[in-house]
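Here are some friendly notes to read with the model open beside you. Take the points in order and find each residue as you go.

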Amino acid sequence: MITTALFDIDGTLLHGRPIAHGLAMVEGLNQAFDLALAEADLLSVDLAGKTDLHIANDLLDRAGVESSDREARLRRWCALAAGVFAAIADHHDDPVVAPDADATLAVLRADGLRTSLVTGNIEDIAHAKMSRAGLGDHFPRGQGGFGCDSTVRAQIVARALERGGVSAHQAVVIGDTPRDIAAARGAGCRVVAVATGFATAGDLADADAVVAALAEVPEVLERWRSSD
Ligand SMILES: [Mg+2]
């Protein structure tokens, strides 16, 4: 029986480019590694569906950083980037909330499902984005999987299952990229792909279901729950 819906953030619950988030990641790396990266460097790596830790490692590789204490510095970076985000987010346009996000999350919760986040975002940035988007009440702290949990997205899904105390067949991942699909598969979960991000329905064909809008998600989960 499905009890838990695990939501990606960027491209799924929020649309538009997360500018403040990108700047915070870059500035956090500059602080943690004493670098002078610019926002343009962020555009030099493929971002879609990667965890923030994965992106940070890509940027460090591209910059030729070979520090023996990379892991320890990256742990500091997770906190530094979240701090930069909190300081600058008000100075940038808010991302656009998917029009049906709040209503969809409310319907799922009314159906008795728990809603959690499974995102490549750093945990504090993820929660700040949700509260800025007016979706914070759907995602209490202490659950979900986040960008500094692992560079491997499937392990972030596994972390969310562990924190939620549920098995893979009790949870469904909802995301917008082929990496969300692969991560759900890697953790043994079913996955609904929402074709509202940059990926096309064709890119998302490996999902268990592909929908055009978040509002269609409750119907899919209802169907699966009644046939489980
Ligand atoms: Mg996404």
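1. A term to begin with: two residues are in contact if their C-beta atoms, placed from the backbone, lie within 7 Å. Helices (H or I, at least four residues) and strands (E, at least two) are DSSP runs, numbered from the N terminus. With that in hand, look at α7 and α8: Arg 153, Ala 154, Ile 156, Val 157, Ala 158 and Leu 161 of α7 meet Arg 179, Ala 183, Ala 184, Gly 186 and Ala 187 of α8. By class, this contact has eight nonpolar, one polar and two charged residues. Here Ala, Val, Leu, Ile, Met, Phe, Trp, Tyr, Cys and Pro count as nonpolar, Asp, Glu, Lys and Arg as charged, and the others, Gly among them, as polar.

2. A word on what you are viewing. This is a predicted model, in which local features need pLDDT of at least 70, side-chain atom pairs count only at pLDDT 80 or more, and totals for chains, interfaces and linings use all residues. Residues are numbered from 1 along each chain as its sequence is written.

3. How do α7 and α8 cross? Their axes come within 7 Å and cross at roughly 55 degrees, which makes α7 oblique to α8. Axes are lines fitted to C-alpha atoms, for helices over the stretch in contact, and angles run from 0 to 180 degrees between N-to-C directions. Angles under 35 degrees count as roughly parallel, over 145 as roughly antiparallel, 65 to 115 as roughly perpendicular and the rest as oblique.

4. Now turn to helix α1 (residues 19–33) and helix α4 (residues 70–88), which pack at an angle of about 135 degrees with their axes 7 Å apart. That angle makes α1 oblique to α4. Among the residues making the contact are Leu 23, Gly 28 and Phe 33 of α1, together with Trp 77, Leu 80 and Phe 85 of α4. By class, the contact has 13 nonpolar, three polar and three charged residues.

5. Is Leu 80 buried or exposed? Leu 80 is buried, because 20 other C-beta atoms lie within 10 Å; a residue is buried if 20 or more other C-beta atoms lie within 10 Å of its own, exposed if 12 or fewer, and partly exposed in between, with C-beta atoms placed from the backbone. Leaving aside neighbours within four places in sequence, Leu 80 is in contact with Gly 28, Gln 31 and Ala 32.

6. In helix α3 (residues 52–62), the buried residues include His 54, Ile 55 and Leu 59. The buried residues of α3 pack against α1, α2 (39–42) and α4. Just after α3, Gly 64 takes a positive phi of about 70 degrees.

7. Helix α6 (residues 123–132) has Ile 125, Ala 126, Ala 128, Lys 129 and Met 130 as its buried residues. They pack against β2 (14–15), α1, α4 and β4 (114–117). Gly 134 follows α6, and its phi is positive, near 80 degrees.

8. Finally, the domains. The chain is divided into domain 1 (4–16 + 95–227) and domain 2 (19–91), with bounds that come from an automatic or database domain assignment. Their C-alpha centres lie 24 Å apart, and the contact takes 18 residues from domain 1 and 16 residues from domain 2. Which element gives the most to the side of domain 1 that touches domain 2? That element is α6, with four residues.
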